[in-house]
Amino acid sequence: MKKIYKKNKNTWDFLEDSTNFSDVRNRRLGYDFVEILPPEISLQIFCQLDLKSLCNAAVTCQAWNHIIENCDQLWRNHCMTVRTICQKEIDGDRGVGYSWKVTLVRNYRKGYVKKQWLSGCYSNILSSTELPAKSMYPLDAETWGEILEAELER
């Protein structure tokens, strides 16, 4: 009888198998990598995901949700991308003490809309009825000033 031991007791305390290794491998297919790998490796895997995939992964199961929701580093990477457009807003939220995730949630849509406006996506709009549905977001006067300056330079 062959015994295969695994470090992580939550995954498989041990498997006793008198047949062959392929049977053991087939049993492993039911386990997910978060249960098998060390947390540091799981975090590195989650760090490779884009924002939409990360949010989808967070609702996959409780184990994934626990790791994703409790790791500020995962949210920081995406927040820094939004910061290129909304530096003042991101820095302000972080200064107040918001977590990276909350800061990202508060500024993601704003950053998207601001980027669209600054890039000239709405330069040829003649009336409010021509604006796409998701093109507006509450922006402060300073941001609208940036947008108007960009329009004047075009």
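In the predicted model, α6 (72-83) passes α8 (100-118) in a left-handed crossing, a crossing being left-handed if the near helix is turned anticlockwise from the far one by less than a right angle, and right-handed if clockwise. Helices here are DSSP runs (H or I, at least four residues) numbered from the N terminus. Two packed helices are described by the angle between their axes and the distance between the axes. For α6 and α8, the angle is about 25° and the axes lie 9 Å apart; axes are lines fitted to C-alpha atoms over the stretch in contact, and angles run from 0 to 180 degrees between N-to-C directions. The two helices α6 and α8 are therefore roughly parallel to each other (angles under 35 degrees count as roughly parallel, over 145 as roughly antiparallel). Contact, defined as heavy atoms within 4.5 Å, joins Asp72, Trp75, Arg76, His78, Cys79, Met80 and Val82 of α6 to Trp100, Lys101, Thr103, Leu104, Asn107, Tyr108 and Gly111 of α8. These residues comprise 7 nonpolar, 4 polar and 3 charged, where Ala, Val, Leu, Ile, Met, Phe, Trp, Tyr, Cys and Pro count as nonpolar, Asp, Glu, Lys and Arg as charged, and the others, Gly among them, as polar.

Helix α8 also packs with α7 (residues 87-96), the axes coming within 10 Å and crossing at roughly 165°. This angle makes α7 roughly antiparallel to α8, and their crossing is right-handed. From α7, the contact involves Glu89, Ile90, Asp93 and Arg94, and from α8 it involves Trp100, Thr103, Arg106, Asn107, Lys110 and Lys114. Of the residues in this contact, 6 are charged, 2 nonpolar and 2 polar.

A further contact of α8 is with α9 (residues 141-153), where the axes come within 9 Å and cross at roughly 20°. Helices α8 and α9 are therefore roughly parallel to each other. Lys114, Trp117 and Leu118 of α8 meet Thr143, Trp144, Glu146, Ile147, Ala150 and Glu151 of α9, giving 5 nonpolar, 1 polar and 3 charged residues.

The largest pocket has a volume of about 200 Å³. On a 1 Å grid over the protein atoms alone, a pocket is an open set of points where a 1.4 Å probe fits, with protein on both sides within 12 Å along at least five of seven lines, and lining residues have an atom within 4 Å of a point. Grid points are joined across faces, edges and corners, and a volume is the space filled by probe spheres set on the points. The lining consists of Leu51, His78, Thr81, Val82, Thr84, Ile85, Tyr108, Gly111, Tyr112 and Lys115. By class, the lining has 5 nonpolar, 4 polar and 1 charged residues.

Residues are numbered from 1 along each chain as its sequence is written, and side-chain values use heavy atoms, with hydrogens and water left out. Because the model is predicted, local features need pLDDT of at least 70 and side-chain atom pairs count only at pLDDT 80 or more, whereas totals for chains, interfaces and linings use all residues.

Methods:
Angles under 35 degrees count as roughly parallel, over 145 as roughly antiparallel, 65 to 115 as roughly perpendicular and the rest as oblique.
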